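Here are my notes on this one, in numbered points. Have the model open while you read.

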Amino acid sequence: MQAARALTAPVDIAGLTSTELIQLASQRLTHGRGIAPRIYKDALRYGRFDPSAHGLAERGVQDWRKHFQLSFPEILRVVSEEAETGTTAKAVLRLADGLECECVLLPMGRERSTLCVSSQVGCKMGCRFCETARMGLLRSMTASEIVSQLLTARHVLGWEFRNVVFMGMGEALDNPQLPAALRVLTDGSGLGMSQERITVCTVGRLDGIATLQALGMKRLNLSISLNAANDALRSELMPVNRVVPLAELSQALQRYRPRANFVLGVNYCLMPGKNDRPEHA
């Protein structure tokens with residue numbers, strides 16, 4: 001019964017590549033399957049799903065609405081703060097099952113901004129300085145939920161951003177849906193983001209780093225949440241280091257060379273009296 005419902009439930013276009021939508025439309029639709037490329041462009045570039053706008057007969061419109069949808073999370077609240085570099089804004093979003101995540105608009109200067117997105121509701125990594133860690137992991141987000149953060153930010157909130165970083169709630173490389181989301185973000189028929197404008201941040205999941213490398217996305221950026229210069233302190237701040245100490249992480253990162261001029265990003269959260277002394281630098 002559940003399998004049958006899964007086959008007939010509307011599929012969220014935000015979680016599909018253009019090729020996947022064309023294939024699914026061919027399998028599911030009786031009428032109007034030929035407009036799949038236009039439906040995809042409308043959904044991912046302009047944040048709208050309106051089959052009636054493409055000259056279909058009513059049965060074709062109903063067929064599309066029965067099998068596909070484009071859903072946005074509910075915006076619960078938005079908090080903004082002005083700084084010299086621009087406006088930082090955080091949006092708290094409610095997903096379809098009632099759980100909440102957040103995305104943040106980060107000003108980068110020169111009127112350019114980056115959107116920081118979540119990949120999970122909660123997180124199981126347990127970093128001592130992270131508010132999300134207190135929640136534990138509730139669940140990973142689907143590819144459509146990840147992509148819908150961008151669509152909501154751009155088409156509902158009106159935020160302008162050039163870059164996307166996976167540095168919100170959750171450990172991105174702990175989410176098996178991340179590769180699917182990356183393929184949607186870089187699909188030239190939709191959002192069309194260049195790989196070099198996307199950064200995946202991780203605490204150091206070795207299996208996830210290997211999975212990311214296997215995607216063959218040579219321009220994709222990777223950054224490490226480091227936060228300590230030795231194993232003792234990093235293990236205290238970040239429990240993952242007890243399983244993957246710095247030497248093993250370093251070896252994995254040296255193997256991750258998608259291109260000759262690849263530069264690894266390092267994120268370091270300064271905590272007064274804990275990891276901010278000259279010897280740590």
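**Notes on the model**

1. Leaving aside neighbours within four places in sequence, D174 is in contact (heavy atoms within 4.5 Å) with Q120, K124, M125, L137, S140 and R205. D174 sits in the loop between strand 9 (163-166) and helix 6 (178-185); helices (H or I, at least four residues) and strands (E, at least two) are DSSP runs numbered from the N terminus. With a relative accessibility of 12%, D174 counts as buried, a word that here means under 20% relative accessible area (1.4 Å probe, protein chains only).

2. A word on the ground rules. This is a predicted model, where local features need pLDDT of at least 70 and side-chain atom pairs count only at pLDDT 80 or more, while totals for chains, interfaces and linings use all residues. Residues are numbered from 1 along each chain as its sequence is written, and side-chain values use heavy atoms, with hydrogens and water left out.

3. Next, the aromatics: the structure holds two aromatic pairs (ring centres within 6.5 Å, using the six-membered ring for Trp; planes under 30 degrees apart are stacked, over 60 edge-to-face, the rest tilted). For W64 and F68, the ring centres are 5.0 Å apart and the planes are at 40 degrees, so this pair is tilted. W64 and F68 are both buried.

4. The other pair is Y256 with F262: centres 5.4 Å apart and planes at 70 degrees, so edge-to-face. Y256 is buried, as is F262.

5. Finally, in the packing of helix 5 and helix 6, A143, I146, V147 and L150 of helix 5 meet A180, A181, V184 and L185 of helix 6.

Key: Buried means under 20% relative accessible area, exposed over 50%, partly exposed in between (1.4 Å probe, protein chains only).
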